[in-house]
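Hi everyone, thanks for making time this morning.

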Amino acid sequence: MASFLKLLDFLSLINKHYCQSNLCRTLSNGHRSRWYSSYQRPGTSIEKISPRKTIDNFKKVAEDLKTQCGLVKKEVVDFVKGFDQSQVQDYIFNQTKVIWEFRSEEDINKWILGSDAAIGGKSEICIKLDKNKQYATVSGNLNTAVPRDGVTKYSGYCAMVSKPEMLAFQRTKFHDWSNFNSLYLRVRGDGRPWMLNINPNKYDPTSVKDSYNYFIFPRGGPYWEEIEVPFSKFFFTSHGRIQDGQYEMWVDRISTLGLTLADKVDGPFQLDIDFIGLFSDRSHTQAFPYELYERNSKK
């Protein structure tokens with residue numbers, strides 16, 4: 001069923017891409033006055049498009065189409081090679097699986113950094129690779145000073161978010177974590193709490209601001225620690241607010257993962273990350289621990 005839904009997504013997005021492609025825009029915008037309308041406003045001259053510009057537009061469309069077809073070919077080959085084998089292997093053999101590791105600059109470039117500097121704040125964050133290329137260090141300075149713009153009331157946050165992997169025709173590749181039940185991290189912190197943010201991609205376009213969150217509390221000191229967070233512990237939020245209606249996470253359509261520091265404490269921070277992965281804990285059987293409020297209950 002999941003493969004069938006992915007196929008429907010693929011076909012619909014290809015259709016959407018062609019409707020919004022450069023070719024369609026060239027034909028509709030560049031030649032609309034001559035092909036689709038016979039009306040000409042008095043006092044205006046007929047728009048003239050040079051043949052050279054039209055040829056260049058068609059060349060760009062052809063090159064883009066060739067690139068996208070190459071990505072489709074690669075995607076089909078990868079799908080055929082790993083058809084159901086990886087899922088079965090993860091379910092039967094693999095108890096852990098590394099999703100993000102930090103061993104090279106390429107691994108570092110898979111993440112996006114952000115802070116309240118985007119709204120006028122003074123917090124700073126950076127990420128760099130260890131000199132031995134064994135882990136990454138996320139460091140910076142948190143500043144809760146509110147910018148004097150007369151609008152912002154709160155400030156003081158730093159975050160890092162994984163970049164979504166793009167497929168052919170501007171499609172997002174989703175992570176399927178359905179064979180695991182916990183998030184698994186190996187970190188070394190300074191005692192400050194971090195919030196984990198998991199963003200699933202649902203079929204409803206209005207759910208773009210929905211996410212699932214939970215907190216981790218790495219202890220300070222020179223020793224590494226491994227943190228396991230079951231998916232069932234993540235609570236549902238929308239636009240940054242905890243919702244009364246809680247729902248289980250869609251672990252087969254994960255888009256991005258993020259870490260946020262916003263503990264309202266001014267000063268420097270540092271978090272070393274070895275890897276971020278998944279863990280299948282067979283002893284954890286809890287499905288969803290949060291109490292749901294019954295709205296409009298019948299008396």
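**Salt bridges and a pocket**

Let me begin with Glu165, which counts as partly exposed at 44% relative accessibility; here buried means under 20% relative accessible area, exposed over 50%, and partly exposed in between, with a 1.4 Å probe and protein chains only. A word on the source: this is a predicted model, where local features need pLDDT of at least 70 and side-chain atom pairs count only at pLDDT 80 or more, while totals for chains, interfaces and linings use all residues. Residues are numbered from 1 along each chain as its sequence is written, and side-chain values use heavy atoms, with hydrogens and water left out.

Now, what does Glu165 meet in a salt bridge? The partner is Lys173, at 4.0 Å from N to O, and Lys173 is partly exposed too, at 40%. By salt bridge I mean a side-chain nitrogen of Lys or Arg within 4 Å of a carboxyl oxygen of Asp or Glu. By that rule the model has 7 salt bridges.

Next, please look at Arg188 and Asp272, whose side chains pair at 3.1 Å, N to O. Arg188 lies in strand E8 (residues 182-188) and Asp272 in strand E15 (residues 267-279), so this pair ties together parts 84 residues apart in sequence. Strands here are DSSP runs of at least two residues, labelled E and numbered from the N terminus. Are these two buried or exposed? Arg188 is buried at 18%, and Asp272 is buried at 3%.

There is also a network of salt bridges, linking Arg103, Arg186 and Asp274.

One more pair: Lys110 and Asp107 form a salt bridge at 3.9 Å, N to O. Lys110 is partly exposed at 38%, whereas Asp107 is buried at 11%.

Ser162 is buried, at 1% relative accessible area. Leaving aside residues up to four places away in sequence, Ser162 touches Trp100, Lys110, Trp111, Thr256 and Leu257, where contact means heavy atoms within 4.5 Å.

Finally, a pocket, meaning an open set of points on a 1 Å grid where a 1.4 Å probe fits, with protein on both sides within 12 Å along at least five of seven lines; lining residues have an atom within 4 Å of a point. The second largest pocket is lined by 13 residues, with Phe231, Ser232, Glu248, Gln286 and Ala287 nearest its centre.

Thanks, and I'm happy to take questions.

Note on methods: Helices (H or I, at least four residues) and strands (E, at least two) are DSSP runs, numbered from the N terminus.
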